[in-house]
Amino acid sequence: MSRNRILALALAALALAALAYWQLRWRTPEGPLTYLSYSTGGGMMGGHSSSVLEVADDGSATLTTSSQGWHGDREATRVYEVDPAYLDQARDIVERRHLVHASGLPMSDLFPLDADTWTLSFTLGEYDHYSVSQYQVLDAGSRDGVGELAALMAEAASSGTLLSETLSPREVFLSAPDGYTYMFEVNDSQAATDLCEALPLEPSMEVRGDEVVLVLPTPLDVTDAPKATGGEAGTLAYRASTGELVIECAAFEPEEGLYELGTTDAYYVEDIAQAGGGACSLWTNSYEW
């Protein structure tokens, strides 16, 4: 084959590749936008946030936001009813900023360390799923499109109707004498708050029959704490008369002056009961600022 022939074939292949690229680049996405998610997180503080805009079967639209300031904060989740027109506006941005094409771009070889990251995901119709992240080499238009969509969801939240708001449970951890760590979810009473604010502590742990007992250095405010009226193994309670933190390792009967602070998975109760007495530590990753 002559050199000119080879060159002509190479140029033809290049032209076809360029044509395919531009067809993908400028093609019109098909189907309505039914789901849009934008999440950020990472960095040295470890916090994250996310927003999810989606359509329901009846045609209504909801926006769910979750945020955690840093890895020690409780995560706040809010659900809003929003105008379905926001889905149409989001789809217009997806098309105008060529984000379907951007989702097919390769990942960069450069990855930031200790920096916030972001990911955008969306669905057209029922089955066409796309995702764009900061690790792809995006042009200015696509990057601007991501920013527009993030701003649009923030606007939807500010104008929407709040349907529900929840906080993730606070968590207290017990590092027992057996070397294992056990987690308890604690309630929102003032007594549980007092406990979290007093941590970390290194009390002595004692096994008394079906109870594991730890003596706290300061009393807890039980004004609004629910009474431990008897229940299943795994209850974390506070005995006000003695200032003791009590882990119930078996079903127990009501006791005057015993207040419920939280629970642990019953699966771990036997291990806690067999951890033995001795030095231990209590700590938490849940703080209120």
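At the start of α4, which backbone nitrogen does a side-chain oxygen of Asp139 reach? Please go on from there along the helix.

Guide: Happy to. Please keep in mind that this is a predicted model. The backbone nitrogen belongs to Gly141: a side-chain oxygen of Asp139 comes to within 3.2 Å of that atom, at the start of α4.

From there, let us follow the helix itself. With its 20 residues at 1.5 Å each, α4 should span 28 Å, and the 29 Å between its end C-alpha atoms agrees with that. Seen down the axis, the buried residues of α4 fall within an arc of 135°, so they line one face of the helix. The residues in question are Ser142, Gly145, Val146, Leu149, Leu152, Met153, Ala156 and Ala157.

Setting aside neighbours within four places in sequence, Glu148 is in contact with Ile93, Arg96 and Arg97. With Arg96 there is a polar contact from side chain to side chain, at 3.2 Å. Val94 belongs in this picture too: 54 residues separate Val94 from Glu148 in sequence, while their C-alpha atoms are 9.6 Å apart in space.

How does this part sit in the rest? The chain has six helices and 16 strands. Of its 289 residues, 38% count as buried. Among contacts in the chain with a separation of 6 or more, 65% are between residues 24 or more positions apart. The accessible surface of the chain is about 15900 Å², and carbon and sulfur atoms hold 54% of it.

For a view from a loop, turn to Asp178, placed between β8 (170–175) and β9 (181–186). Asp178 has a relative accessibility of 28% and is counted as partly exposed. A polar atom of the Asp178 side chain lies 3.0 Å from the backbone nitrogen of Tyr180. Leaving out neighbours within four places in sequence, Asp178 is in contact with Asp271 and Ala275. Gly276 is 98 residues from Asp178 in sequence, and the two C-alpha atoms are 7.0 Å apart.

Conventions: Residues numbered from 1 in each chain as written. Predicted model: local features only at pLDDT ≥ 70, side-chain atom pairs only at ≥ 80, totals over all residues. Heavy atoms only, no water. Contact = heavy atoms within 4.5 Å. Polar contact = N/O pair within 3.5 Å; in protein donor to acceptor, adjacent residues only side chain to side chain. Helix = DSSP H or I, 4+ residues; strand = E, 2+ residues; numbered from the N terminus. Expected span 1.5 Å × (residues − 1). Buried < 20%, exposed > 50% of the residue type's maximum accessible area, 1.4 Å probe, protein only. Arc of directions from axis to C-beta. Areas by Shrake-Rupley, 256 points an atom, 1.4 Å probe, with all protein chains shown as cover.
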